[in-house]
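These notebook entries record what I looked up in a structure that was new to me. I set them down in the order in which I consulted the model.

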Amino acid sequence: MPDTVASPGESGVSMAPFDHPKADIILRSSDGVDFRMFKLLLSLSSPFFDSMFELPQPCEDVLPLLDVTEPSTTLRPLLSLCFPLAANITPITFKTLEELQPVLEASVKYDMSAITTHLLTHLISPTFLQTQPLAVYAIACRYKLTPQARLAAKATLRQPPPGSPLCPFTNHLDNIPATSLFRLLEYRHRCTEIASSVPFGTKWMPLTYVWFNCSHCPPGKRLRSWAWEGDDDFECRYPRQWWEEFMEVASGELGKRPCGETVTGPPPSSSSSDGEAEGVDGSVGNGFTYLGARGSEVGNGSGMPVWVKRFVARAMECPTCRTNVQDDMRRFLKLFERQVDRAVGIVELKVDF
Ligand SMILES: [Zn+2]
């Protein structure tokens with residue numbers, strides 16, 4: 001319960017909406033900023049405050065003051081979320097996870113369930129999931145948030161594996177048990193096994209693609225069959241050598257980055273924004289090979305990952321394959337991407353909290 005009363009002029013006073021003359025309590029932040037608030041709003045937002053205000057108040061003639069442990073940078077967004085829409089408060093935004101995490105911490109501490117739920121939509125926003133999935137995962141584990149942890153774990157598949165030199169460290173890992181990191185590595189291992197085996201599946205690709213029908217360029221050496229099974233029909237075809245080798249490389253790429261985007265999508269932001277140039281072998285200097293939106297070449301697999309483009313270039317040397325390989329490969333990659341995502345999607349992160 002509030003144990004002191006406000007002394008005007010002793011502390012900094014926060015700006016609107018925390019300067020309202022009809023406020024009935026002051027929350028003073030750890031850095032000495034006063035937030036004039038309404039008990040009713042706090043009671044509606046938090047059983048913690050509701051119970052506190054049930055206790056006898058010291059003096060009804062003086063505005064009560066409550067010292068809290070949170071700094072003003074945390075208190076302002078947290079208390080702003082207690083106001084109704086009609087108060088016309090500027091919507092809260094978080095540019096970094098370092099801004100969001102302490103507010104989430106406070107909302108959990110004060111049992112503000114609706115506000116916590118709202119903050120979680122910020123935590124799993126596309127921006128944070130795409131750029132800092134490991135940090136999002138760590139925060140989700142810290143607060144025992146299973147759905148958010150699973151979503152973030154899936155997003156980490158698009159990044160280099162945790163622990164590799166290419167995966168940036170995040171201090172948020174300091175706040176989770178080793179078990180949570182073990183579960184993430186375990187999840188990635190299982191996704192890697194499944195994703196890298198997708199290229200060798202036998203019943204998910206039509207046999208209409210040119211690499212199944214060309215009889216001009218060399219056939220595959222390993223006599224591995226790919227087949228499409230219709231309602232009652234089953235047909236076996238042996239692909240051309242360039243395509244067989246393409247699928248073997250695809251398996252290796254999916255072993256490094258087990259998600260559908262590996263076969264179609266742009267490079268991870270961590271590698272596309274650092275200005276590294278493509279190497280002669282198509283690598284972008286981080287062990288992953290892509291041709292993303294930067295690729296401006298026309299033909300020979302333009303817009304495809306670099307490692308795919310190399311095989312398309314080989315197919316273009318065949319007078320039969322070259323007629324359809326670019327269109328067929330684009331259609332195939334979309335199917336391939338869906339197949340990988342479907343296969344990986346059945347893997348579930350184990351949680352221990
Ligand atoms: Zn051919």
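**Entry 1: loops with positive phi**

In the loop between which two helices does Lys144 lie? I found Lys144 in the loop between α7 and α8. I noted at the outset that the model is predicted. The phi of Lys144 is near 55°, a positive value in a residue other than glycine. Most residues other than glycine have a negative phi. I then checked the surroundings of Lys144: it has 13 C-beta neighbours inside 10 Å and therefore counts as partly exposed.

I looked up Asp111 next. Asp111 is placed in the loop between α4 and α5. Its phi is near 60°, and this too is a positive value in a residue other than glycine. Asp111 counts as partly exposed because 15 C-beta neighbours lie inside 10 Å.

**Entry 2: the overall make-up**

I recorded 15 helices and seven strands in the protein. The protein has 353 residues, of which 36% are buried. Among contacts between residues at least 6 apart, 60% join residues at least 24 apart.

**Entry 3: the largest nonpolar core**

Which residues touch the most other members of the largest nonpolar core? I listed Val136, Tyr137, Ile139, Ala140, Ala149, Val340 and Val344, in a core of 74 residues. This core draws at least three residues from each of domain 1 (1-90) and domain 2 (201-345). In soluble globular proteins, nonpolar side chains tend to be buried together.

Leaving aside residues up to four places away in sequence, Val340 touches Ala195, Val198, Leu254, Cys259, Gly260 and Val263.

Val263, one of those contacts of Val340, has its place in helix α12 (residues 261-264). Is Val263 buried or exposed? I found Val263 to be buried, because 26 other C-beta atoms lie within 10 Å and the cut-off for a buried residue is 20 or more. With the same exclusion of residues up to four places away, Val263 touches Ala250, Pro305, Leu333, Phe336, Glu337 and Val340. For Val263 and Ala250, 13 residues apart in sequence, the C-alpha to C-alpha distance is 7.4 Å.

I turned to helix α8, which spans residues 146-156. Its buried residues include Gln148, Ala149, Ala152, Ala153, Lys154, Ala155 and Thr156. I then asked what covers the buried residues of α8. The cover includes α5 (113-123), α6 (126-131), α7 (133-142) and α9 (178-197).

Why is helix α14 (residues 306-315) described as largely enclosed by the rest of the structure? I noted that eight of its ten residues are buried, so α14 is largely enclosed. The buried residues of α14 are Val306, Trp307, Val308, Lys309, Arg310, Phe311, Val312 and Ala315. The elements covering them include α11 (241-256) and α15.

**Entry 4: the crossing of α9 and α15**

At what angle do α9 and helix α15 (residues 325-345) pack? I recorded an angle of about 145°, with the axes 9 Å apart. Their crossing is right-handed. On the α9 side the contact is made by Cys191, Ile194 and Ala195, and on the α15 side by Val340, Ala343 and Val344.

Phe182 is exposed, because 12 other C-beta atoms lie within 10 Å. Phe182 and Lys350 are 168 residues apart in sequence, yet their C-alpha atoms are 9.7 Å apart in space.

**Entry 5: two prolines in loops**

Pro84 is found in the loop between α3 (72-80) and α4 (97-109). It counts as exposed because it has 9 C-beta neighbours inside 10 Å. I found the C-alpha atoms of Pro84 and Leu41, 43 residues apart along the chain, to be separated by 8.6 Å.

Where is Pro21 placed? Its place is in the loop between β2 (12-13) and β3 (25-28). Pro21 has 5 C-beta neighbours inside 10 Å and so counts as exposed. Pro21 and Met37, 16 residues apart in sequence, are 9.7 Å apart in space, C-alpha to C-alpha.

Note on methods. Residues are numbered from 1 along each chain as its sequence is written. This is a predicted model: local features need pLDDT of at least 70, side-chain atom pairs count only at pLDDT 80 or more; totals for chains, interfaces and linings use all residues. A nonpolar core is a set of buried Ala, Val, Leu, Ile, Met, Phe, Trp, Tyr and Cys residues joined through C-beta atoms within 7 Å. Domain bounds come from an automatic or database domain assignment. Two residues are in contact if their C-beta atoms, placed from the backbone, lie within 7 Å. Helices (H or I, at least four residues) and strands (E, at least two) are DSSP runs, numbered from the N terminus. Axes are lines fitted to C-alpha atoms, for helices over the stretch in contact, and angles run from 0 to 180 degrees between N-to-C directions. A crossing is left-handed if the near helix is turned anticlockwise from the far one by less than a right angle, and right-handed if clockwise.
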